[in-house]
Structures are given as structure tokens and as C-alpha cells.
Amino acid sequence: MTIEKLQLSLHASKLKNVAGLGKGTSDPFAIVTLLATGQGETPRVLGKTEVIKNTLSPNWTTSFLFDYEFGKETHINISIIDEVRKTTDKPMGSAVFEIGDILGSRGSVKAKKMKKGGTLYARLQKAAPRSAGKLALRLRGIKLKNVEGMFKKSDPFFELRRTYDGPGGGSWAPVYRSKHVKNDLNPKWEPATIDVNALCDGDLDRRLQVAIFDHESSGKHQSMGVFETTVNQLLKSAGNKNFTPTKGSKSYGTISVDECKVTGAESSSSATVQLAASAAADPSALPMPVPVQQFGGMSLGGGAPVPVPPPKLPTFVDYVSGNCDLNMCVAIDFTGSNGDPRKPGTLHHFSQNGQMNGYEKAIAGVGSILAKYVSSFQFPVYGFGAKYGGVVRHCFQVGKEKEVHGVKGILDAYKSTFKTSLTMSGPTVFTEVISLAAAEAKSRQEANPLSYTILLLLTDGAVTDVEATKQTLASIASAPLSIVIVGIGNADFNAMQFLDDFEKRSNMNRDIVQFVQFNAHEYDKTSLTRATLDEIPDQLVQFFHQRGIRPLPTKDFSVSNISVDPYNEEADIDLSMNYQDDGEIVLNGDQPGAYIDNSYEGGLGGLHVMPPPSTTPQGYNPHAQTVVSATAPAMAVPVPVPVAQPFTFQVQVPPGVSPGMQIQVAHPQTGQPLVVAVPQGVPPGGVFSVSA
């Protein structure tokens with residue numbers, strides 16, 4: 001399992017002023033909440049940014065760290081609040097983002113319109129794998145130029161700014177902002193502590209900007225000059241060298257570095273051990289905020305530059321955010337062993353009540369993750385194992401178009417195949433679809449060296465000719481391709497075990513295949529996506545490393561290229577918070593908007609939320625009626641989940657009802673009775689989804 005650390009930073013523009021008539025401009029801060037998206041998860045407030053006074057376009061310096069895993073969706077709610085002293089704070093709007101959506105967007109920047117007005121921007125970058133320590137800094141201004149006017153003095157404060165690597169990273173962004181000193185052109189700012197990773201990614205020679213401003217209560221602060229430096233230059237300058245902030249070609253005074261040092265830096269070896277131990281203990285460890293706070297209480301002094309290890313090879317996050325052209329294609333098994341699709345219980349049967357079959361679930365689950373990283377959103381879909389015109393085809397186009405749009409397009413093309421002259425046949429042969437996927441992947445890479453393809457292959461049984469499959473896999477091992485094979489149904493897949501460690505036994509130079517049996521993950525989408533996509537990051541990285549291909553920045557990126565999503569009325573909900581005496585912020589009880597519908601059906605057609613889980617013991621619903629008989633199925637109480645047609649809701653299994661038994665539920669919208677079977681693996685008190 002590959003886990004990388006990401007750093008989230010936030011800014012907003014043109015927010016609506018909610019301060020009220022005659023009360024000036026809002027003072028916004030942001031609260032970041034990790035939403036519950038998987039079984040057994042609970043929502044949790046991660047932290048808050050600093051408050052920025054009198055502005056509707058805040059650029060917060062506080063950042064947040066996340067553990068990123070390719071195969072797991074992570075949703076966050078960002079609530080923007082106007083701080084109101086001596087009374088209740090006012091909400092300015094909320095937006096929900098998915099970490100993979102942000103990372104897969106151009107420039108790793110995603111934006112969303114707010115209900116009350118304005119736009120919220122979320123940016124991700126790779127965090128350093130080790131702690132580079134804290135920069136303890138004390139600055140002083142000497143004879144700064146007054147920009148306040150003839151009869152007043154400026155109120156100076158300073159910002160430490162950095163640029164970010166990759167597309168859209170060329171502009172200066174604040175990492176630390178000091179308090180202002182009133183009416184003083186020789187200010188002695190309070191000591192500060194800044195996370196070195198947040199400031200410069202641990203690179204002590206990375207260019208930084210120090211910007212001086214005259215604080216204005218209106219929020220329209222006036223520049224008092226800037227200068228560029230590095231952490232190493234600041235360290236060397238402590239007590240013996242000054243800097244000159246300039247504006248245009250004019251000098252605006254002098255900045256003295258009174259004290260500066262770096263403390264707490266980890267060696268690369270100790271950081272590796274710590275991260276490995278953390279991941280082993282809790283692979284889904286919650287992200288933690290990285291506040292940029294005032295420094296105090298530490299004895300400051302000069303310090304020698306901290307040695308920095310040589311730069312490491314690019315990681316998966318580097319490639320995904322560095323112009324990697326990720327692609328996905330899908331291959332579907334139409335052999336006769338899947339059964340007559342017109343009969344309920346067969347693998348290709350389409351339920352009248354909207355419940356997905358195994359093929360649909362695998363496409364929706366795995367496809368929804370991969371699609372976030374495919375910029376074109378176009379996917380080829382192939383079929384194999386069926387007859388057309390009396391001839392068995394081991395590779396044919398599924399759907400009317402060579403490529404379909406989005407995951408819904410894949411599902412629609414899959415369903416439409418049964419309206420053609422197809423005859424389900426056999427045997428089960430993978431070689432042709434694998435060879436085609438490899439050829440297409442190589443063709444794409446000839447046009448773009450950073451192109452990489454993932455083939456999602458769905459089958460109901462073991463391959464017929466194992467040796468031919470081995471030879472094909474060995475022959476295409478050099479292609480920019482990973483293959484994920486998902487076994488659907490209850491067949492004996494033992495013959496597929498040859499895929500385990502196949503690359504070692506066949507002298508292939510890289511592992512390209514992952515096999516997963518769907519039944520082990522049928523009722524847990526996150527479990528399925530983790531299992532199927534676990535090896536993809538390492539396979540992609542190994543391919544590019546072996547060929548010396550490095551990620552590239554996008555040179556033509558600008559703010560106009562940032563994808564701005566519309567406000568989502570269902571999901572972008574203002575969460576109710578409790579501010580505790582110790583400063584901790586917690587959710588004010590279970591509430592809508594804090595739970596994301598992570599079912600296979602719920603992930604289609606946009607983001608949907610769920611009601612909070614029942615607070616009664618073990619999920620028991622006292623209103624459920626149990627009537628177990630041959631003519632009257634047990635009655636369960638539906639929990640509505642408002643989504644697009646068909647309507648999806650959750651059903652709680654009454655006590656005494658076992659998997660396989662039928663229960664009767666009332667459709668939450670129409671009131672019509674429905675009879676559904678309790679899926680395997682869902683116990684009494686458990687919950688499963690129904691679409692109708």
C-alpha cells in the first residue's frame with residue numbers, strides 16, 4: 001500500500017459580506033472537517049485556519065496534512081465563517097471536495113462556487129516525507145518608509161511567501177503572517193515559528209519572499225516593500241547582515257534578522273522508520289492540521305544550516321500532478337458461463353429495482369476512482385467471449401462509439417450490448433483484449449511520453465489457456481500498462497493464482513497484473529477499490545523510473561484554467577460546530593452533510609450525502625416490523641437518501657432476518673411496497689442500499 005502525504009492550502013475570492021449593514025467587512029476563517037465515507041467511519045473536525053480581518057478574498061497561511069491513498073476516496077467539508085466578537089459567528093458558505101478530485105485536476109487546484117457568493121479554491125501539493133524542523137525567526141524593521149500619510153505612522157507587519165512547484169505555482173503565496181505593530185517605523189515583531197516543510201519543502205536554498213505591509217483596518221493593506229531570500233541566507237544573516245525591502249526601484253528601509261535557527265529536523269532514516277511504523281499501525285490515519293502559529297518561549301540564537309539529503313526520485317503524486325496522461329480502458333466478459341441475463345440471479349442480469357449486478361458495481365467502484373485522473377474523461381470499452389454472426393469474438397467494441405464519456409457512459413455501453421445480435425459463448429480468452437490495450441497504450445505514449453494506461457478486465461471465470469495468457473503478458477510487459485482483473489461471481493478462481501508473483505517466475509522486469517475476487521468486497525466499495533488499485537502507483541512509478549522519464553510542469557497554466565464546480569445544494573451544507581473551552585472544535589452532534597453515500601449506486605450522478613446513522617444500540621430500528629412467513633416478507637424501515645433517478649435509499653435489516661430472506665419496504669417517494677432480498681453478508685441491524 002502506497003501512502004503519500006499531501007498538504008492542503010486554501011484561499012477564496014469575492015465572498016459575500018455577511019457582517020451586516022454598517023458593521024464593516026467580514027473577518028473570515030475556514031474550518032476543515034473530514035467527512036465519513038466508509039463503513040465504521042465517523043466525521044471529524046481537523047482544525048481551522050487563522051482569521052483574516054476585513055477581507056472578502058482571504059489567502060490563509062494555515063495548511064493541513066493528509067495521508068493520501070490512491071484507492072480510497074477522502075471527502076472534506078470546508079466551512080467559511082465570519083468571526084463576530086461578543087456574539088455568534090456567521091456562516092459564509094461551505095464546499096465539499098474529494099482529495100483525488102483536487103489532485104487529478106489541472107495544477108492540483110480545484111475551485112467551487114459558494115451558495116452565498118464567491119469562490120473557494122483548494123490546492124494540494126506533495127508534503128515532504130520527513131520533518132525538516134521549525135524555523136525560529138525574529139525580525140526587526142529599521143527606519144521603514146512611512147506610507148500612512150503626513151500625520152500618521154504606518155502599522156507594519158510582514159509575510160513570508162513561497163512559490164509552489166508544478167502548474168500554477170509561479171505566484172507568491174503566503175505561508176506566515178505576523179501581527180502588526182501599531183504606529184512604529186522601527187517595529188520589533190514578535191518571535192515566529194514556521195514549519196520548514198511548509199515554507200520551502202525542506203530545501204533551505206529555495207527562493208522566498210519577505211513582504212512588508214502597512215496594516216489597514218479595511219483590509220486593503222499597503223505595500224512597504226519586498227525582498228527575496230532563502231532560509232540559509234536568513235540563518236547566515238542572523239545578527240550580522242540586513243536586508244533592504246524595495247518597491248519598484250526605491251528603498252523602503254532596512255530589515256534586520258536579530259535571531260534565526262532551525263530546530264527539530266529529522267534525518268531521512270528516522271523519518272522513514274516513523275512513517276512506516278505509522279502506516280503499519282493505522283493505514284487510514286486521519287489527516288492532521290499544520291498551523292502556522294506565533295513563536296514564543298524558546299531561547300533563540302544563530303544556527304548552522306541543516307544538511308539536506310539529495311532530492312529523491314519522483315513519486316506517484318509527482319507524476320499525477322506533473323502532466324501525467326492517465327488513461328483507462330475496460331474489458332467485459334460476455335461468455336455463456338455468466339448465465340442467461342434475462343434470469344434473476346445470473347451475473348449479467350439487470351434488476352428492475354435498480355440494484356447493480358457485480359459487473360456494474362466493479363465498473364462504478366473502480367471506474368469512479370480512476371476517472372478522476374483522466375483529463376479527457378473518454379474510455380474505450382471492449383468485450384470478449386461472445387458470438388456475432390456465428391463467429392466467436394475475443395475482442396470487440398462495446399457501445400456505438402470507440403470511446404464513451406464517463407463512468408455512466410461505460411455502464412450504458414455495457415447494457416446496450418444485450419440489445420445487439422450478441423450470442424454469449426466461449427471460451428474465456430484474455431489475450432486479444434490485453435494485446436489491444438497494450439498497443440493502444442504504446443501508441444498514446446509515442447505521442448506523450450508521460451502517458452500511462454490501466455486496463456480494468458472483468459471476468460466470471462478462469463482463463464481457458466493459461467500458457468497463452470502468460471506469453472501475452474510477458475510480451476507486453478514493456479508497455480505503459482497496468483492490468484486489474486476482477487473475478488465476478490462464485491466460480492473457482494484458483495487457476496488465476498498463476499498471476500501472483502508471475503513477473504518474478506517469468507523473468508519479467510516489472511509487475512503489471514493485479515487479480516481481485518469481487519465477492520470478497522461486494523458490500524464494501526472502499527475495500528474493493530483499495531484491493532484493485534493498491535499496486536497501480538508503484539507500477540506506474542517503476543515504469544517511468546526505468547526509462548528515466550520525469551514529470552513535467554504545465555507551462556501555460558493560469559487561473560482561468562482552474563476547474564470551478566457549481567454549488568452542490570445537497571452536499572455543500574453548513575455544518576453546525578461546537579467551540580469548546582479548550583479551543584477544540586467538534587461537530588454539534590450527528591447531522592446531515594457529514595456522511596457521504598459511498599455505496600456503489602450512490603457514487604453515480606454526483607456527490608450525495610446520507611442521513612446520520614441511528615443512535616440506537618447496534619443499529620436496531622424499533623420501528624421495523626418483522627413478519628416472517630411465506631406470503632408476507634418482513635417489513636423494514638427505509639432511510640431516504642436523496643439522489644438522482646432512480647431513487648436510492650438504505651434499508652435496515654430487522655432483527656431475526658437473515659441474508660437471503662425477503663423483506664418488504666415502502667418506497668420513500670411513492671409509498672409503493674417493494675420486496676427485496678437481504679444480500680449475503682448483511683446481518684440483522686445492518687444496512688444495504690436499494691435503488692428503485
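Start with the core. This is a predicted model, and its largest nonpolar core holds 83 residues. Six of them touch the most other members: Leu 8, Tyr 68, Ile 76, Leu 120, Leu 540 and Phe 544. Which helix gives this core its largest share? That is H6, with 7 residues.

Now look at Leu 120. Leaving out residues up to four places away in sequence, its contacts include Trp 60, Ile 78, Ile 80 and Phe 97. Leu 120 also touches His 11, Lys 110 and Lys 112, among others.

Back to H6, which runs over residues 358–370. Glu 360 sits in this helix. Is Glu 360 buried or exposed? Its relative accessible area is 5%, so Glu 360 is buried, as the cut-off is under 20%. What does Glu 360 touch, beyond four places in sequence? Phe 350, Gln 355, Leu 411, Tyr 414 and Lys 415.

Last, confidence. The chain averages a pLDDT of 83, and 83% of the residues score at least 70. Strand S22, residues 381–384, has the highest confidence, at a mean of 98. Helix H4, residues 268–281, has the lowest, at a mean of 33.

Definitions and conventions. Residues are numbered from 1 along each chain as its sequence is written. This is a predicted model: local features need pLDDT of at least 70, side-chain atom pairs count only at pLDDT 80 or more; totals for chains, interfaces and linings use all residues. Side-chain values use heavy atoms; hydrogens and water are left out. Helices (H or I, at least four residues) and strands (E, at least two) are DSSP runs, numbered from the N terminus. Buried means under 20% relative accessible area, exposed over 50%, partly exposed in between (1.4 Å probe, protein chains only). Contact means heavy atoms within 4.5 Å. A nonpolar core is a set of buried Ala, Val, Leu, Ile, Met, Phe, Trp, Tyr and Cys residues joined through side-chain atoms within 4.5 Å. pLDDT is the predictor's confidence in each residue, from 0 to 100.
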